[in-house]
Amino acid sequence: VTQPSSVEEQLRELAPLVLGAVARLYGDFDDAEDAVQEALLAAATQWPAEGPPENPRGWLIAVAARRMTDRLRGEEARRRREVVAASREPADGPPPVPDRDDSLVLLFLCCHPALTPASAIPLTLRAVGGLTTAEIARAFLVPEATMAQRISRAKQRIKASGAPFVMPAGGEWAERLRSVLHVLYLLFTEGYAASTGAQVARSELSAEAIRLTRMVHASVPDDAEIAGLLALMLLGEARRPARTGPDGELVPLAEQDRSLWDRALIEEGVALVSAALPRGAVGEYQLQAAIAAVHDEAETADATDWPQILALYGLLDRMTGNPMVTLNRSVALAMVDGPAAGLALLEGLDDRLAGHYRLDAVRAHLLEMDGDRDGAIARYRTAAGRTTSTAERDYLLTRAARL
Amino acid sequence: MKYMLLMNHAATPGSQPVDEWAPDDIKASGAAMWAIHEELTANGELVGAERLAGPQAAKIVTHDGVGAPVVTDGPFPESKEFLAGYWFVDVESEERAIEIAARTSAAPGPGGEPMAREIQVRPVMGAPDREP
């Protein structure tokens, strides 16, 4: 008897292969994506009951192709354009199955820069990840109809951009890869914080981000930034079991029970980033992964190699100019040179991060280190009022109350 | 990012109550609201939206956990502070939430004049975004 979960896994693996083939057969990504989604739903109900077909990929392609034909026939009847449609109909019987893997082409298309990450993420999950609209909607806590509309709008935008169903070449490849990695990174962080109740579906987003990034890494093993992003995800995921307490409350890194960290993930992440860094062309994902590796390799919080973290944040800050990186660097600086040095670095961020709760939260933390109890309490409270995260607010109010 | 856009029952102080509007003005106001609703739906930005009944149909319930619950017909705050409806949207940015609120605020009232109703834009509390 086939386990339902294995059918689900099988379908997710097959989804991009099938969609690639159908999109190529019909030259229409938008409709092909709908047809494949219908074929996957049909398989999800039929396979567990009747057993999977002998050639699962061929079965899915045939079902999706039939849907495409029905669609074309429907349009034909409506528009009475028999000649055009008939010429596009495949012959009866299973269509020829192109023997190639277009998963990466699909991923590049779904993460097209014409889309915002908020539309690229659900489209990627459905078209490349093989998730159903209902699953995606559940993970983002919106109605299924809303998510369906968002995905359909994203596909229309790709169509309007005129992006062809081919792998970008030359300089465009590197630029498009950046969009792909950014979307995968955001997908990972969407699920990163999830831990309890309704958020469980969201932790699957991190798992899916890791799965897709593994796929990209397997296709392009020599790219150091892809390896760096995968390492960053694994090193973060390793801490998931320790990141929240029994009541779903946040546990800061320094207080986490490190025996709960996933050693296998840490080893894999450290190996990936260690191999990637010496290859030259150091990028920000590699640096972030390197920082995560230093944290993950420390036996205790006190054993953390802060000077090394500070040096890495220095590089990252110079590379990105991102004020959030400067914010993190100030914490590392405080750990190395004392809270006054960290607080001084924060001075320059008041304009660039004005009103952001994390600036208040870090300042509160450094003031606490510096022994300024009243200042720290005030900043913790300001931060708590500004965050839109319940868990974060509770954490900040608890810090303030403890002082 | 999810936001609640909250609209209160009455327009700006001193303006005409809706039950005294000309039929065409009511129609135009409804059409403007419907157009916004349609756009949010088509974009996949709308999570939910409802209109709430007025103060006449509202009750206040209090319960001290011991005796019987107390149910009263009010008193309610001034109608300009009485919630009339909401849009629950999931949008790209705060700027987009503000843009939707601004258009809702400018929906036409009596004589086709923009109402300039006050719309509250409230972020919905979500999952943590920090890496502990």
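**A guided tour of the predicted model**

Begin by selecting Asn43(B), which lies in helix 1 (residues 23-43) of chain B. The structure on display is a predicted model. Display side chains here: that of Asn43(B) forms a polar contact with the side chain of Glu45(B), at 3.1 Å. Next, show the surroundings of Asn43(B). Apart from neighbours within four places in sequence, Asn43(B) touches Gln149(A), Arg150(A) and Arg153(A) of chain A, together with Arg96(B).

To view the contact, pick Phe29(A), Glu33(A), Asp34(A) and Gln37(A) on helix 2, and Leu123(A), Arg126(A) and Ala127(A) on helix 6. Coloured by class, this contact shows three nonpolar, one polar and three charged residues.

Keep Leu123(A) selected. With neighbours within four places in sequence left aside, the residues in contact with Leu123(A) are Phe29(A), Cys110(A), Leu115(A), Val128(A), Ile151(A), Ala154(A), Lys155(A) and Ile158(A).

Then widen the view to the largest nonpolar core, which has 105 residues. Val22(A), Phe29(A), Leu60(A) and Leu123(A) are those with the most contacts inside this core. In soluble globular proteins, nonpolar side chains tend to be buried together.

As a last stop, select Leu366(A), Leu367(A), Ala376(A) and Leu396(A), which are included in a second, separate core of 24 residues.

Conventions:
Residues numbered from 1 in each chain as written. Chains lettered and ligands numbered in written order. Predicted model: local features only at pLDDT ≥ 70, side-chain atom pairs only at ≥ 80, totals over all residues. Heavy atoms only, no water. Contact = heavy atoms within 4.5 Å. Helix = DSSP H or I, 4+ residues; strand = E, 2+ residues; numbered from the N terminus. Nonpolar A, V, L, I, M, F, W, Y, C, P; charged D, E, K, R; others polar. Polar contact = N/O pair within 3.5 Å; in protein donor to acceptor, adjacent residues only side chain to side chain. Core = buried A, V, L, I, M, F, W, Y, C linked by side-chain atoms within 4.5 Å. Buried < 20%, exposed > 50% of the residue type's maximum accessible area, 1.4 Å probe, protein only.
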